[in-house]
There are 2 protein chains.
Amino acid sequence: LPLHEAARNLEDDAAVLQVGGETLVVTHDAMAEGTHFRVGADLADVAWKLVASNLSDLAAKGARPVGLLLSYMLGDADARFLEGLHRVSTALDVPILGGDTIAASGPRTFAATLIGRATHVPVPSRAGAQTSDAIWLCGRLGDAMLGFEDPDSDHAAAFLRPIPLLDEGELVAPLATAMMDVSDGLLLDASRMAAASNVGFALETGAMPIADRARIHECLSWGDDYALLFTLPADTVPPVAAHRIGSVGP
Amino acid sequence: LPLHEAARNLEDDAAVLQVGGETLVVTHDAMAEGTHFRVGADLADVAWKLVASNLSDLAAKGARPVGLLLSYMLGDADARFLEGLHRVSTALDVPILGGDTIAASGPRTFAATLIGRATHVPVPSRAGAQTSDAIWLCGRLGDAMLGFEDPDSDHAAAFLRPIPLLDEGELVAPLATAMMDVSDGLLLDASRMAAASNVGFALETGAMPIADRARIHECLSWGDDYALLFTLPADTVPPVAAHRIGSVGP
C-alpha cells in the first residue's frame with residue numbers, strides 16, 4: 001500500500017505528521033460488539049473506552065488531544081452512547097470535530113480517529129530502546145482483567161472506563177528512548193518494542209506492579225490496562241510514578 | 001456534545017482546523033454492507049468509493065488530500081479490498097497514515113478519516129450564499145443512479161468508482177461564496193445549502209446537466225454523483241466547466 005511517511009510503516013501506535021510548524025499525532029481504532037465489548041454492554045461505557053483507548057495511543061506519544069472524529073452505527077441505546085461520549089469528551093478534554101452515523105443490521109461497530117498535538121519532538125516511537133537502558137512501567141497490570149471478570153468489583157472501572165495516562169506521557173516523552181501503551185498485554189507489547197528497537201528485553205516480573213500476584217502470567221498477558229511502557233537511559237529518573245521492570249540488552 | 005469550533009457546529013461537510021499556520025480539512029465517513037453497498041459487492045469498488053466519497057468532501061472545501069486512516073472489518077475478499085485501496089490511494093494521490101483492522105461477525109462496515117490541506121482560506125462553507133448570486137453545478141446528475149440500476153452499462157463506473165472533483169474544487173474555492181458536494185441528491189443538498197445560508201434558491205431544472213432527462217426528478221433526488229454545487233457572485237465566470245442552474249433570492 002502507498003504509505004505516508006508519517007505512518008511510520010504502520011509499525012507504531014500512531015502516525016506522526018508535520019503540519020506547518022506543528023507536529024500532529026493521529027490514531028484510529030475501531031470496536032465491534034462481540035469482539036471488543038459484550039453484547040448488551042452499556043454503550044456509555046463503550047463510548048468512553050472507544051475514545052480513551054485512542055487517547056492512550058496519544059499518551060504514548062506525549063501528545064495532547066486536539067479533537068475527535070467518529071463513526072457511529074445507530075441502533076438500541078443511542079442515548080447511552082451519546083451520554084458516554086459527552087462524558088468522556090468533557091472529562092478528557094477532547095472536543096468533537098465531526099463524524100458519521102450509519103444505519104446497518106448486525107453487531108454494532110464504532111470507529112474513532114483522534115488527532116493530537118505533540119508536546120515534544122522528536123515524538124517517541126517504539127523503536128528507540130538502547131542497550132543498557134532501563135525499562136519502566138507506569139500503571140498497574142491486571143486490573144482490567146479483574147474488572148472484566150467481575151463487573152461488580154472495584155476493578156470494573158479499569159475495564160470499562162480506563163483513564164489514558166496523558167499527563168504521564170507528556171512528562172516522559174522528552175526523556176524516553178522508546179514508549180508505547182500496553183493495550184494488548186505487557187508480554188506481547190514488550191516483545192514488540194524489543195523487536196522494533198532490535199534489542200533484547202530482560203524483564204523482572206517480581207518488580208512489576210500486578211493486580212493479582214497469584215495470577216501473574218494472566219495479568220501480564222491480558223490487555224486493556226493502558227499502562228505506559230517506556231525505556232530511559234540507565235541513570236535517568238522517571239518524572240512520574242513508575243516501576244523499573246527490567247533492562248535492555250543486546 | 002462538546003464540539004470543537006473547527007466542527008462548524010456539524011453543519012458542514014468537514015471540519016476546518018488551524019494547525020501550525022496551516023488550515024486542515026478533516027472528514028470522516030463510514031459505509032455498511034446492505035446500506036451503502038450491496039451484499040456481494042466487489043470490495044475493490046467499496047474501497048474505492050469509501051475513499052473517493054471522503055475525498056469529495058475535501059474537494060468541496062478546495063482542499064488537497066494529505067492522508068487517510070481507515071478501519072477495516074476482516075472477512076471474505078480481504079485481498080480485493082486491499083487491491084481497491086491500493087488503486088484509489090495511488091490514483092487519487094492519498095497515502096495511508098494508519099488505521100485498524102477488526103474481527104466481527106455480521107455485515108461488513110468500513111470507516112475512513114481523510115485529512116486534507118486547504119489550498120485557499122477562508123475555506124468555503126455551505127453557509128455563504130448571497131442574494132443575487134448565481135448557482136452553479138460542476139458534474140452531471142443521475143449517472144450513479146443509472147450505474148446502480150445497470151452494472152453492465154456505461155454508467156457503472158459513476159456509481160462504483162466515482163471521481164472526486166479535486167481539481168475543480170481547488171479552482172472554484174477562491175471564488176465561491178458557498179460550496180458543497182452533492183452526495184445526497186441535488187434537491188436535498190441544495191435545500192441544505194439554502195437553509196445554511198439563510199437564503200432562497202430558485203433552481204432552473206431545464207438548465208441542469210442530467211443523465212436521463214425523461215427521469216429528471218429521480219436524477220435530481222438520487223445521490224452518489226459527487227458533483228460540486230457552488231454559488232458565485234452574478235458576474236463571476238466559473239474557472240471550470242459548469243452549468244448555471246439557478247439564482248439565489250432572499
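## Two-chain predicted model: interface and local features

Chain A has a mean pLDDT of 95, and 100% of its residues reach 70 or more. The model is predicted. Its scores are ipTM 0.90 and pTM 0.93.

**Symmetry**

How are the two chains related? A rotation of 180 degrees superposes chain B on chain A, with 0.0 Å of shift along the axis. The RMSD of this superposition is 0.1 Å. That is the relation of a two-fold axis. Which residue of chain B comes closest to the rotation axis? B:Gly20 does, with its C-alpha at 2.0 Å. Both copies use the same surface: 100% of the contact residues of chain B recur in chain A.

**The interface**

The size of an interface is often given as the accessible area lost when the parts come together. Here the area buried between chain B and chain A is about 3700 Å². Carbon and sulfur atoms give 72% of that area. Three residues, B:Leu1, B:His28 and B:Leu97, supply 17% of what chain B buries against chain A.

In contacts, 49 residues of chain B meet 51 residues of chain A. How many salt bridges link chain B and chain A? The count is zero. Polar contacts do occur between the chains: 15 residue pairs, with both residues at pLDDT 80 or more.

Which elements build the side of chain B that touches chain A? Those giving two or more residues are strands S1 (15-19), S2 (22-32), S3 (63-73), S4 (96-102) and S5 (109-118), together with helix H2 (78-91), of chain B. S2(B) gives the most, with nine residues. By class, this side of chain B has 29 nonpolar, 16 polar and four charged residues.

**Salt bridges in the whole structure**

Over all chains, a search of the whole structure finds 35 salt bridges. One pair is A:Glu170 with A:Arg64, whose closest N and O atoms are 2.5 Å apart.

**Backbone geometry**

Some backbone angles deserve a look. The table lists the cis peptide bonds at Pro122 in each chain.

| Peptide bond | Geometry | Omega |
|---|---|---|
| A:Val121 to A:Pro122 | cis | near 0 degrees |
| B:Val121 to B:Pro122 | cis | about 0 degrees |

Where do these prolines sit? A:Pro122 lies in the loop between strand S5 (109-118) and strand S6 (134-138) of chain A. B:Pro122 is in the loop between S5 and strand S6 (134-138) of chain B. The loop between S5 and S6 of chain A also holds A:Ser132. A:Ser132 is not a glycine, yet its phi is positive, at about 85 degrees.

**In brief**

A rotation of 180 degrees superposes chain B on chain A. The area buried between them is about 3700 Å², with zero salt bridges between the chains and 15 residue pairs in polar contact.

Note on methods: Residues are numbered from 1 along each chain as its sequence is written. Chains are lettered from A and ligands numbered from 1 in the order in which they are written. This is a predicted model: local features need pLDDT of at least 70, side-chain atom pairs count only at pLDDT 80 or more; totals for chains, interfaces and linings use all residues. Side-chain values use heavy atoms; hydrogens and water are left out. Contact means heavy atoms within 4.5 Å. Buried area is the accessible area (1.4 Å probe) that two parts lose on being put together, summed over both. A salt bridge is a side-chain nitrogen of Lys or Arg within 4 Å of a carboxyl oxygen of Asp or Glu. A polar contact is a pair of N or O atoms within 3.5 Å; within protein, one must be able to donate a hydrogen and the other to accept it, and residues adjacent in sequence count only if both atoms are side-chain atoms. Helices (H or I, at least four residues) and strands (E, at least two) are DSSP runs, numbered from the N terminus. Ala, Val, Leu, Ile, Met, Phe, Trp, Tyr, Cys and Pro count as nonpolar, Asp, Glu, Lys and Arg as charged, and the others, Gly among them, as polar. Copies are superposed by least squares on the C-alpha atoms of residues with pLDDT of at least 70 in both. pLDDT is the predictor's confidence in each residue, from 0 to 100.
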